[in-house]
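Please read these notes with the model open beside you, and follow each numbered point on the structure as you go.

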Amino acid sequence: MRYRRLGASDLMVSEITLGTWLAYGEGSVRTKHIACVRRALDLGINLIDTANVYGWGEAEKLIADALEGVPRDRYLIATKLWGPMNDMDRGLSRAQVFKQIDDSLRRLKTDYVDLYQCHRYDEETPLAETMQALSEIVRQGKVRWLGFSEWPQDKVREAAALAGVERFVSSQPQYSLLWREPEDAVFPLSAELGLGQLVWAPLAQGVLAGRYPPGSPFPEGWRGESPAMSLHLRRWFSPVVLEAVGKLPAIAAEASLSPAQFAIAWTLRRPEVTSAIIGASRPGQVEDNAAASGVAVDSALFAQAERLMADALAEAARLEGTGV
């Protein structure tokens, strides 16, 4: 496992991060998720990414159980706030920042988190209020560093220009062979401001790993948080895209990699990317994905895969426009 510095922070983060979006449940499901966390540590993965809303606190509780007895300096914890925990608790107001960090620390059974991220931007709370509250919990020792996920670019700049507040050190955008939008604005701005990228969905939530053959239905429960995003997620399930994805194993094999390893390594080719966040429901998936760290891949193979995916997405959009 290789490590990269996260933006302007002092955190050295493994190139693979274990995400816990769906890491909760009971019985054998919970046991498997705990095994994934422990296997990740064995493989050198040192960052566990979660959020208060994942299972409405259950993912954080599972992480605490999985890390019981492990020295605190062996791992880094990143969690988030913003999403609704109930009918009243949501957003990035001063009151919510203080309430949600304390609740997360209690569930995680730790005195501090290494990275506290704003899950999305809160249009109902003044930015200065949010940044001042976040700065206070950093200075109280409850949080080491701050980050955000999928914020408007103007708000990122505005936050960086505020006086007397702590700075963000990380951004968490979606990024994969099927979703390259961060290259246009997020990456350049982050390089300018000293932000590391913790990219989520590097496998396009399983599509690039070959999990769905042509004809697969659009899976329920995906993160279609806006009509535009839902459109793109559905486009990934068009026959032309899934057929193109079916050609990736042959390209990956030329690099002696699995399709998942190849797709993750593709995201790590960018110096702006600090770590790729993976999800796993069994330890074997963690092992396969972790092997993407540090691999050397011929840039011509990456370029071939890029052309294949770009052509497929363009054709899917064309067919969608014609109603075919």
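**Notes on the predicted model**

1. Helix α2 (residues 58-66) and helix α3 (residues 94-108) have axes that come within 7 Å and cross at roughly 40 degrees. Axes here are lines fitted to C-alpha atoms, for helices over the stretch in contact, and angles run from 0 to 180 degrees between N-to-C directions. The two helices α2 and α3 are therefore oblique to each other, given that angles under 35 degrees count as roughly parallel, over 145 as roughly antiparallel, 65 to 115 as roughly perpendicular and the rest as oblique.

2. Where α2 and α3 meet, Glu-60, Lys-61, Ile-63 and Ala-64 of α2 are in contact (heavy atoms within 4.5 Å) with Ser-104, Arg-107 and Leu-108 of α3. Sorted by class, this contact holds 3 nonpolar, 1 polar and 3 charged residues, where Ala, Val, Leu, Ile, Met, Phe, Trp, Tyr, Cys and Pro count as nonpolar, Asp, Glu, Lys and Arg as charged, and the others, Gly among them, as polar.

3. This is a predicted model, in which local features need pLDDT of at least 70 and side-chain atom pairs count only at pLDDT 80 or more, while totals for chains, interfaces and linings use all residues. Residues are numbered from 1 along each chain as its sequence is written, and side-chain values use heavy atoms, with hydrogens and water left out.

4. Arg-107, which sits in helix α3, is buried, with a relative accessible area of 9%; buried means under 20% relative accessible area, exposed over 50%, and partly exposed in between (1.4 Å probe, protein chains only). Leaving aside residues up to four places away in sequence, Arg-107 touches Asn-52, Gly-57, Glu-60, Lys-61, Ala-64 and Met-85.

5. Trp-179 is found in the loop between β8 (168-171) and α6 (186-193), and at 10% relative accessibility Trp-179 also counts as buried. Although Trp-179 and Leu-313 are 134 residues apart in sequence, their C-alpha atoms are 9.9 Å apart in space.

6. Turning to the whole protein, the secondary structure comes to 12 helices and 10 strands, taken as DSSP runs numbered from the N terminus (helices H or I, at least four residues; strands E, at least two). The radius of gyration, taken over C-alpha atoms, is 19 Å, close to the 20 Å that the globule rule (2.2 Å times the number of residues to the power 0.38) gives for 324 residues, so the protein is as compact as a globular protein of that length. Of these 324 residues, 56% count as buried.
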